[in-house]
Amino acid sequence: MAGRVRKPGFWTVRTIGIAVRVLPRGPTRERYHREFLAELYGLRRLSQLHHALSLLFRSWALRVAIGDSQSIPATEVDTMIAVKPARLMCRINLHHRWIPQRNPDGDVYYRCSRCDKDRYDVETGDGPNVGGNIAGLGMSSGGA
Amino acid sequence: MGRDPRMTIPTQWVLRALLEEPDRELYGIEIGNAADLPSGTVHPILARLEGLGWIESRWEDIDPSAEGRPARRYYRMTASGTEQARLALARAYRGKRVVALPRPVAEH
């Protein structure tokens, strides 16, 4: 039967919580949060605080080290490059730059050259900036 | 597996602490105590070494309610990491040595 283990104090736990805030959200942050708290058990109060403050002051170094060490597979890198960051005007759907594309069936659709959003109803004139931003392929926007 | 980490003095101390007993598992504070470094310095080094595959980590297999504390994260050297770490430490040490041998005098 294990003896009584000294639990971490309230402020020490809060300090650890702040220290891990700079880490990437998700499993990484949870792992280190759990790990740092576990290390506190059994230490004296002053040592706990010293430990927590040390982690807090070097939390950005840990963030950088985690960032450097997380290798991204080549396939994911290609995917990341292919996904364009959405511009503000695209996000609020005010100004897309529609470029006509053809799907494997030969049908025409339009894709925004900025955010890669697709539209299939451009011919009907729905949506903003339909006429002005279409780079024509010799097709009229109103007909079938 | 990858490039070597920057062999700063703290990194060397952490590696030496782990290489004393490569098969032994240590958690963060134990490594810090062995290397005489604070935890805030140790954990970024451990993260980098783990990313390179020189060390591996796992959660302690205990019953937290029975032990009265949560499971700790234990680290230990991998087989390839042990070899690479020893080579890297040897290179780092060799790089610091100043070798000043007198040039041989050519005999006429």
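Okay, strand S2 of chain A, residues 108-112, and its link to S3(A): two bridges join them, and the strands run antiparallel. This is a predicted model, by the way, so keep that in mind throughout. Which residues pair up here? Arg111(A) has Asp118(A) as its bridge partner in S3(A), and Tyr110(A) is bridged to Arg119(A). Between S2(A) and S3(A) there's a hairpin with five residues in the connection, and in that turn Asp116(A) has a positive phi of about 65°.

Let me zoom out on chain A. We have six helices and three strands, and going from the N terminus it's α-α-α-α-α-α-β-β-β. So much for the order of elements. Buried residues are 20% of the 144 in this chain. On contacts, if you take pairs at least 6 apart in sequence within chain A, 53% of them join residues at least 24 apart.

The helix I'd like to show you is H2(A). It has 14 residues and reaches 20 Å from first C-alpha to last, close to the 20 Å expected at 1.5 Å a residue. Its buried residues are Tyr32(A), Glu35(A), Phe36(A), Leu37(A), Ala38(A), Glu39(A) and Leu40(A). Notice that two glutamates, Glu35(A) and Glu39(A), are in that list. And what covers these buried residues? The cover includes H1 and H3 of chain A, and from chain B it includes strand S1 (26-27), H2, H3 and S3. Just after H2(A), Gly42(A) takes a positive phi of about 95°.

That brings us to the contact between the chains. Chain B puts in 22 residues and chain A puts in 22 residues. On the chain B side, the elements giving two or more residues are helix H2 (28-35), helix H3 (39-52) and helix H4 (64-67). H3(B) has the largest share of that side, with 10 residues. By class, the chain B side has nine nonpolar, seven polar and six charged residues.

Next, the largest nonpolar core, which has 32 residues. Which ones have the most contacts inside it? From chain A, Ile16(A) and Phe36(A); from chain B, Val14(B), Ile31(B), Val42(B), Leu46(B) and Ile55(B). The elements giving two or more residues to this core are, in chain A, helices H1 (10-19), H2 (27-40), H3 (45-57) and H4 (59-69), and in chain B, helix H1 (9-19), H2, H3 and strand S3 (73-77). H3(B) gives the most, six residues. As a general reminder, nonpolar side chains tend to be buried together in soluble globular proteins.

Take Val42(B) as an example. Setting aside neighbours within four places in sequence, Val42(B) is in contact with Val14(B), Gly28(B), Ile31(B), Gly32(B), Ala35(B) and Leu37(B).

Chain B has a sheet as well: an open one of three strands, order S1-S3-S2, antiparallel pairing. The edge strands are S1(B) and S2(B), the latter at 55-59, and each pairs on one side only. S2(B) and S3(B) run antiparallel and are joined by five bridges, with Ile55(B) partnered to Met77(B) in S3(B). H3(B) packs on this sheet, touching S2 and S3 of chain B, and its direction makes about 110° with that of S2(B).

Where is Asp36(B)? In the loop between H2 and H3 of chain B. Buried or exposed? Asp36(B) counts as exposed, because there are 9 C-beta neighbours inside 10 Å.

Methods: Residues numbered from 1 in each chain as written. Chains lettered and ligands numbered in written order. Predicted model: local features only at pLDDT ≥ 70, side-chain atom pairs only at ≥ 80, totals over all residues. Contact = placed C-beta atoms within 7 Å. Helix = DSSP H or I, 4+ residues; strand = E, 2+ residues; numbered from the N terminus. Nonpolar A, V, L, I, M, F, W, Y, C, P; charged D, E, K, R; others polar. Pairing = 2+ DSSP bridges. Core = buried A, V, L, I, M, F, W, Y, C linked by C-beta atoms within 7 Å. Buried ≥ 20, exposed ≤ 12 C-beta atoms within 10 Å, placed from the backbone. Expected span 1.5 Å × (residues − 1). Axes fitted to C-alpha atoms, helices over the stretch in contact; angles between N-to-C directions.
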